[in-house]
Amino acid sequence: MSAKSPGVPLGAWLADLGDERLIQLLRLRPDLTQPPPGTVAALAARAAARQSVKVATDDLDFRHLAVLDALLSVHADTTVVTFAELTGALAGRGADVADVRAAVDDLAARALVWGDLEGEGALRVVAEAASSLPWYPGQVTSEDTSPTGAEITAALESVDETARDLLDKLLEGSPIGRTRDAMPGTPPDRPVPRLLAAGLLRRIDDETVILPRLVSQVLRGEHAGPVSLASPDPAVTSTTAADVDAVAAGAAIDFLRETEVVLETLSETPVPELRSGGLGVREVKRLAKITGIDERRLGLILEVSAGAGLIAPGVPEPDPSDGAGSHWAPTVAFDRFVESPTATKWHLMVSAWLELPSRPSLIGTRGVDNKPYAALSDSLFSTAAPLDRRLLLELLAELPAGAGVDTDSASQALVWKRPRWAARLQPGPIGDMLTEAHAVGAVGRGAIASPLRRLLAGDSDDAVVAAMAKVLPAPIDHFLLQADLTVVVPGPLERGLAEQLAAVANVESAGAAMVYRIDEASVRRALDSGQTAGGIHALFDRHSKTPVPQALNYLIDDVARRHGQLRVGMASAFVRCEDAALLAQAVAAPATESVELRLLAPTVAVSQASIGDVLTALRTAGFAPAAEDASGAVVDLRSRGTRVPSPGRRRGYRHNAVPTDQTLAAIVAVLRKVASTPSTGLRLDPAVAISELQQAAHLQESVVIGYVDPAGVATQRVVAPINVRGGQLTAYDPASGRVREFAIHRVTSVVSAESG
């Protein structure tokens, strides 16, 4: 075969492939199956189409794209080339022959390269590969790779405004420029010769220059590279897997605790939803102030909570006091969440973060329209965000246990893995993702945690939860009381004990060791909930590893002595008190005028206001009333918070569906059947089509039908007829995996799938 021969057409090469190779092609390029191609020629045309080629190259690494670049540079898009010519074009790029041959095989499996793949080969490449490269074809194989990003930056800083404008024009449009100033002998003080001398332009011929790939990357604000066909090693630190897991587990505990704090706050005070969706900047700042959580971290908590279905917009029940309308509040799923084990909570949250179709790191920053990105708004939506997170974590999972990365090394490795995603994988976005990964407990010290490694490996949910439970610190049953009435908790408390402590103390600071503070209001809150002074004393005596301060005992006894002297019941509400003078003082207090207390007896007063309003008025007046039921027992009337219904999956992110092997095999069977069936060129009579399809439905046999859709696209497909009625064929279509209807007048042929 002549070296200048166009070689075997792609369609003929595909037709000679075995069924397994065709199924593999459709598995790697599922877009080729929508709709199923009617012939091998149609499959070849679709595989060579620009949009399909771009999709097929989207997840290729630098080595594979460099091989495509080299094939284009030796004109494999128009003539066959040998493997030696290919490796010659890649000389000086760190190319290993075995790696290049493996890359060619991978590209052939995607039908981007075809030909004689054995020996020296006779290779061709699809012409549209040129449009899929993230650089101008030939730039990788023909350019100097020695300048570093720093050297290019320094050279750019030295050029004047005129020269910089010239570079910007080449950056915005085609990198190829036509100019007579590229000719030798042009005065060296002109912009083009100066740029050529500085290495910021490259001469192609006497009238053509090109903006080098590395220079264009730096001009776009990206890091220069990659240049070598060998994948970079991103690992910069190393520690033990146990240390990584411990750090990740500690971060997970903090994240879950802060999530509960934020959601409890939203439960007490739902936040109105903006008309455009999401939360207002002021509301986020208010939440940050109330919870003590940094706004950036708060945004992450809100987004992950929404992704996990723990919060949603809706009309809360009960309605908020500030009027009707949609509010962000916890869903009923939050009640199950707080009762779940810590490892189960973590699994829910980290899974939601991994699949989150938004970029929480943008919250508070401004977009191209100079408007700030609002939390929980659709302006954060990004279908690429889950892909980027998974790519980063899979990179970490490929490293040895305990090997960690930093922002720059991870960015460099990821850009090599996905050059077409380079703008999304720069150090800034990667640093944001690493920060989020550390925050949710997926990563510790720059290395992936073992539970997350199992999640990425596809282990069952139970196995992942068990792995996290294994690395979490065991809950403790004690705390440390201090003389200043603070309580130091040196680890995660048992859930029951944590609830008891939270009822009588307020969180003052969070972290690995939480600090609570006890004051008069917190003790009164515990008594309001039905606890007794003796029970509170017993709680501290039993669980404090340090002596109980005498000041705390005095505080508890003093508050308990005054608590409940006024007793509020239901008349609409009544107030009773053994101390007639105290009750008279309460009735006469200005703060209780709104509830219109009226004495029935020296120790009993009634009101038409609700019991909650009476309690609020008396507490505003400085009293410490207690609510009671019909038997006289103290009851807790505190609000349990508002809830909204659980929504469906937020913002509907879905992975691209890949057809099953059974469906792919059916499509290949159609291609083989059509190839072996002579074409008459005659359109099938509808009456004949109805008869044959009814017969196939009766015998429950599959058939291959030719079908022209409303857009005029002709396809061949295997279907299993169910019935024929009213000019419509109802049949099971294995290509789509569902029952479909086909108009009889659009059926052009019917052939038994069992024959031949």
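## Reading a predicted fold, feature by feature

Colleague: I have found Pro-226 in the loop between helix H13 (213–219) and strand S6 (237–238). What counts as a helix or a strand here?

Modeller: Both are DSSP runs numbered from the N terminus: helices are H or I runs of at least four residues, and strands are E runs of at least two. Before we go on, this is a predicted model, so local features need pLDDT of at least 70 and side-chain atom pairs count only at pLDDT 80 or more, while totals for chains, interfaces and linings use all residues. Residues are numbered from 1 along each chain as its sequence is written, and side-chain values use heavy atoms, with hydrogens and water left out.

Colleague: How should I read exposure, and is Arg-445 buried, partly exposed or exposed?

Modeller: Buried means under 20% relative accessible area, exposed means over 50%, and partly exposed lies in between, using a 1.4 Å probe and protein chains only. Arg-445 has a relative accessible area of 49%, so it is partly exposed. Asp-462 in helix H23 (residues 461–471) is exposed because its relative accessible area is 65%. Its C-alpha atom is 10.0 Å from that of Ala-343, a residue 119 places away along the chain. Val-668 in helix H30 (residues 661–676) has a relative accessible area of 2%, so it is buried.

Colleague: Which residues does Val-668 contact?

Modeller: Contact means heavy atoms within 4.5 Å. Setting aside neighbours within four places in sequence, Val-668 touches Asp-19, Leu-22, Ile-23 and Leu-26.

Colleague: And how many residues are in the largest nonpolar core?

Modeller: First the idea: a nonpolar core is a set of buried Ala, Val, Leu, Ile, Met, Phe, Trp, Tyr and Cys residues joined through side-chain atoms within 4.5 Å. The largest has 70 residues, and Leu-302, Trp-353 and Leu-452 have the most contacts inside it. Leu-452 touches Trp-346, Val-350, Leu-393 and Ala-442, not counting residues up to four places away in sequence. A separate second core has 54 residues, including Ala-44 and Trp-114.

Colleague: On to strands. In which sense do S1 and S2 pair, parallel or antiparallel?

Modeller: Two strands pair if DSSP finds at least two bridges between them. Strand S1 (residues 113–116) pairs with S2 in the antiparallel sense, over four bridges. Asp-116 has Ala-122 of S2 as its bridge partner. Five residues lie between the strands of this hairpin, where Gly-119 takes a positive phi near 60°. In a regular strand the side chains alternate between the two faces of the sheet. In S2 (residues 122–125), Ala-122 and Arg-124 point one way and Leu-123 and Val-125 the other, and all are buried.

Colleague: What is the strand order in the open sheet of three strands?

Modeller: The order is S7-S9-S8, with antiparallel pairing. Strands S7 (271–272) and S8 (311–314) are at the edges with a single partner strand each, so one side of each has no neighbour in the sheet. S8 is joined to S9 (residues 327–330) by four bridges, and Gly-314 has His-327 as its partner in S9.

Colleague: Last one: at what angle do helices H19 and H21 cross?

Modeller: Axes are lines fitted to C-alpha atoms, for helices over the stretch in contact, and angles run from 0 to 180 degrees between N-to-C directions. H19 (residues 384–398) and H21 (residues 427–439) have axes that come within 11 Å and cross at roughly 75°. That makes the two helices H19 and H21 roughly perpendicular; angles under 35 degrees count as roughly parallel, over 145 as roughly antiparallel, 65 to 115 as roughly perpendicular and the rest as oblique. The contact is made by Asp-388, Arg-389 and Leu-392 of H19 with Met-433, Leu-434 and Glu-436 of H21.
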